[in-house]
Amino acid sequence: MTTFLNQLPALIGVIVGVLGTLLTTRLNERAQWERALSVRWDARRLDAYSEFGRALKEVHLLAHRLTASSRPSSRAHPIDRAAGLELIAQADAQRTKAWEGVLLLGDADTVAAARDWRWAVLQLERAARGIADDDFDWTAAVRRADERRDRFYVAARASLTVGSGDVAQARWLVDRQMNS
């Protein structure tokens with residue numbers, strides 16, 4: 001019995017060491033799993049944001065092309081009205097599908113910014129379809145859409161924890177127009 005009592009501290013040490021090793025291994029595996037999950041969701045979120053951005057930008061560009069002939073200072077390539085309306089309908093359908101990914105995967109700030117950008121581009125689309133409000137101002141609407149796009153990308157980049165500073169385009173586009 002005394003031999004057992006003499007070896008008890010060593011036995012307790014081994015048991016504590018095994019339990020410590022098991023706990024540490026479990027915590028490390030859990031952290032690794034959470035990192036992998038986060039990376040996977042970030043990749044899907046990036047895809048959703050990118051798809052939405054491309055689809056909404058297509059609607060924006062088609063609205064420019066459809067209205068180019070009525071805006072003398074336009075640099076957009078005019079498009080046949082019937083073909084343009086068909087293309088804008090297709091682009092809007094893509095935008096609608098892409099919106100679901102943003103709603104599913106986006107955080108609250110990104111979804112709100114995406115909604116605002118979508119609303120601003122809708123005003124351009126309505127003008128292209130000939131159903132804009134009487135007081136519609138194309139230049140102000142384009143500037144609003146550009147600013148909302150910038151806000152969406154700021155929110156999306158924050159959601160994805162992408163750094164690298166300001167990449168806003170709205171101010172650059174205004175400066176470019178003034179210097180042209």
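Trp-119 is exposed, its relative accessible area being 55%, where exposed denotes a relative accessible area over 50%, buried one under 20%, and partly exposed a value in between, with a 1.4 Å probe and protein chains only. The model examined here is predicted, so that local features need pLDDT of at least 70 and side-chain atom pairs count only at pLDDT 80 or more, whereas totals for chains, interfaces and linings use all residues. Residues are numbered from 1 along each chain as its sequence is written, and side-chain values use heavy atoms, with hydrogens and water left out.

The chain contains five helices and zero strands, these elements being DSSP runs numbered from the N terminus (H or I of at least four residues for helices, E of at least two for strands). Along the sequence, the order of elements is accordingly α-α-α-α-α. Of the 180 residues of the chain, 30% count as buried. The accessible surface amounts to about 11,800 Å², and carbon and sulfur atoms contribute 57% of that area, as computed by the Shrake-Rupley method with a 1.4 Å probe, only the protein chains shown counting as cover for residues. Among contacts in the chain with a separation of 6 or more, 69% are accounted for by residues 24 or more positions apart, contact being defined by heavy atoms within 4.5 Å.

Two packed helices are described by the angle between their axes and the distance between the axes. Axes are lines fitted to C-alpha atoms, for helices over the stretch in contact, and the angles run from 0 to 180 degrees between N-to-C directions. Helix 3 (residues 108-129) packs with helix 4 at an angle of about 155°, the two axes lying 8 Å apart. Helix 3 is therefore roughly antiparallel to helix 4, given that angles over 145 degrees count as roughly antiparallel, those under 35 as roughly parallel, those from 65 to 115 as roughly perpendicular and the rest as oblique. The contact of helix 3 with helix 4 comprises, by class, 16 nonpolar, two polar and six charged residues; here Ala, Val, Leu, Ile, Met, Phe, Trp, Tyr, Cys and Pro count as nonpolar, Asp, Glu, Lys and Arg as charged, and the others, Gly among them, as polar.

Between helix 2 (residues 81-105) and helix 3, the axes come within 12 Å and cross at roughly 170°, and these two helices are therefore also roughly antiparallel to each other. On the side of helix 2 the contributing residues include Leu-85, Ile-88, Trp-99 and Leu-103, and on the side of helix 3 they include Val-111, Ala-114, Arg-118 and Glu-125. By class, the residues of the contact of helix 2 with helix 3 divide into nine nonpolar, no polar and seven charged.

Within helix 3, Ala-120 is buried, with a relative accessible area of 4%. Neighbours within four places in sequence aside, Ala-120 is in contact with Arg-144, Ala-145 and Arg-148, and its C-alpha atom is separated by 8.6 Å from that of Asp-146, 26 residues away along the chain. Trp-119, likewise located in helix 3, has its C-alpha atom 9.1 Å from that of Arg-148, at a sequence separation of 29 residues.

In the loop between helix 3 and helix 4, Asp-133 is partly exposed, its relative accessible area being 48%. The C-alpha atoms of Asp-133 and Gln-123 are 8.8 Å apart, and the two residues are 10 apart in sequence.

Ser-159 belongs to helix 4 (residues 138-159) and counts as buried at 15% relative accessibility. Apart from neighbours within four places in sequence, Ser-159 is in contact with Asp-42, Arg-45, Tyr-49, Asp-107 and Thr-110. Thr-161, placed in the loop between helix 4 and helix 5 (170-178), counts as exposed at 68% relative accessibility. Although Thr-161 is not a glycine, its phi is positive, at about 55°.
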